[in-house]
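Hi everyone, thanks for coming. Let me put the structure up, and then I'll walk you through a few spots.

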Amino acid sequence: MKPDRLSFVAVVCAIFVFGGSEPSRAFDFFGLFGEPEKATPNPETVAYEVSFAGLDGDGALDQNLKDASNSWRLRLESPDAGVGLARRVVADYPRLTDALWANGYFNATVRASVAGVAVSPEGHGVEAAAAAAERYRNAALVPVRFEIDPGPVFKLRHVVVYDARTNAPIDPALFSRKALGVEPDEPARAAAVRAREAEWVDQLRDKSYPLAKVVSSRPVILHREHAMDVAVTIDPGPRAGIGEVQLSGSSGVDPDVIRSFIYLEEGEPYSPKKLADTRRSVARIEALGGVKVSDGDRLDKNGNLPILVETSERKRHVIGAAAMFSNINGPALRAYWMDRNLFGGGERLRVDLEGGLAYYNNSSAFLAFPHIEASNLVGLAHVGFLKPALWGTRNDLLLDASAVRERTVYYWASYGNFTGAIRHRFSDTASIQGGIEVEGGQFFDAWGLHNYSLLGFPLSGNYDSTDNALAPTRGVRVVGRVTPYVNALPHGVGMVESKGQASAYYALDEDAWRIIAGRVAVGSIVGASIENIPASHRFFAGGGGSVRGYRYKSISPYNGFDFPTGGRSLFEASLEARLRVTQNIGVVPFFDIGAAFSSPWPDFGSTLRAAAGLGLRYYTAIGPIRVDVATPLNPRPVDSRIALFIGIGESF
């Protein structure tokens, strides 16, 4: 055992054995042994213990009563005298009664005793109980006992909602049928009634009544029937639209840029969802940190409700790094630097560097780190610039330049790329982008060494209704790109390259602990033969973001050679069940399938490679840390039986 670890264990053991200096407490080793902490008899205080009887194993009610009881919550803070203990117990009568009523037990009775002496809600028996408690001082814990007879749980029988403006029953069309209905044998619990009231107000707000509020709630207890009726009066307030949007905060960011990410139109029907969408949209401006969108306190002269958008700025500069490893793809290091607000208009300048080690031979797995040689280093350098909201519009300017060096078992390539584009945002979820792309370099593959150049005009569209970029739980993502390349430069290649991907996420429960996620991707290249298509543009499948279980870019047609050469079309599909075990831990069984094809369109008569596996997720504030272990279901002789992938964020 290492000395530093030995010292830590020794300190922990010493604390556990000898305890602390507090005389009235016993040490509970982080609660691992299940028993709640108890006070310790001592001469300075009247230490005691509390028990609840008569609950017949109802753990939820037992916990509710303990939460309401000061005697229980303060059991480690013993009073100095017996009379203080007795008065503490008497003061619990109304608290326990309220807790029982809140749980629907309106005929409940409570009896309490201290050291075997009964005390009443009026304080009778306090002096005798105090004297009895004093006899336990420094000898034993004073027994404090609450005997509960909850009686039958009352049922919620009728719920009637009145309109405060007319004192008549409110229009039922304003609510869903479920919201006004009462389930048979539904307990008459206060929390359930309050939840209904909140739901009614939310539904009114969803129907453009932003000032709706509960005016009164009048329960009627029917003791003979063991039932409760409730009459709730709600003031819906006036129906209203979206009013003027007012900005505050973030003086360092051009307000016209912020407004370009707000898609609210003055006078359109009010909706809380529109406010939530606005908060998410404005938060996409990387120069901003916190974004708060709230209602104004009164309607304007046009009957609309002003909207307040308050923002705060993030630190302007950021630097980050990441390390990844896969026994299939090998090691990689990434680093980036970013300025989030270059000129005060939310402009983003980002520099990315990535480096890794390529394969040294044709082995099916990356199992060792041989001598590092320049010829085996791969990576990229990328500079990206984003100017959002050109001239205050919903058009963004994107400029990207990169230098790339790739090396696989099947080809190597070195090239530079420049892309300039204008993106138009229709809404927070949909955009379209068009521009120009220039690329040039060389690659070496089975057909030899090639110099090439590309001049293209990419057009892409994006739709994203998901709720989280790194770990979506609900929504749909659809991305499509078509790029016609013209043969207008030396060594030029003319072709049309297309690729699209759609993914969907569906939560099976309200807290999104069980999620079904699916992905489909297709690609096609027409207008050029396979040997003339730059190797980095050909389609391959396999790897951590594709068909897990297979080596990166190893699934493709062979085109007459003994190894994959890349294809002119692609098909991939994935299905995952993302299941949380705890708040921070999740497991993900998954299934992947895919292939690349010689034809310009996917040929499903060819062999599709499939893989299955199990992933582990550790959920953090920046996204899930992902560990996936996969195995190919129809492997080739060169394929490894096990593939390990580690990264940040979900696979799709």
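Let me start with a term: buried means under 20% relative accessible area, exposed means over 50%, and partly exposed is in between, with a 1.4 Å probe and protein chains only as cover. What you see is a predicted model, where local features need pLDDT of at least 70 and side-chain atom pairs count only at pLDDT 80 or more, while totals for chains, interfaces and linings use all residues. Residues are numbered from 1 along each chain as its sequence is written, and side-chain values use heavy atoms, leaving out hydrogens and water.

Now, salt bridges. Side chains of opposite charge can pair when their charged atoms come close. Here the criterion is a side-chain nitrogen of Lys or Arg within 4 Å of a carboxyl oxygen of Asp or Glu. How many salt bridges does a search of the whole structure find? The count is 36.

Take D592 and R548, whose side chains meet at 2.7 Å, N to O. This pair links distant parts of the chain: D592 is in strand β25, and R548 is in the loop between β23 (514-526) and β24 (569-580), 44 residues away. Strands, by the way, are DSSP runs of E with at least two residues, and helices are runs of H or I with at least four, numbered from the N terminus. D592 counts as buried because its relative accessible area is 0%, and R548 is buried too, at 1%. Both belong to one network, joined by salt bridges that share partners, along with E576, R578, R617, R626, D628 and E650.

Next, R425 and D396, with their closest N and O atoms 2.9 Å apart. R425 sits in strand β17 (residues 412-425) and D396 in strand β16 (residues 395-407), so the bridge ties together parts 29 residues apart in sequence. R425 is buried at 6%, and D396 is buried at 0%.

Let's finish with a pocket, meaning an open set of points on a 1 Å grid over the protein atoms alone, where a 1.4 Å probe fits, with protein on both sides within 12 Å along at least five of seven lines; lining residues have an atom within 4 Å of a point. The second largest pocket holds about 200 Å³ of space. Which of its 12 lining residues are closest to the centre? They are Y410, R551, D562, F563 and V638.

Methods
Grid points are joined across faces, edges and corners, and a volume is the space filled by probe spheres set on the points.
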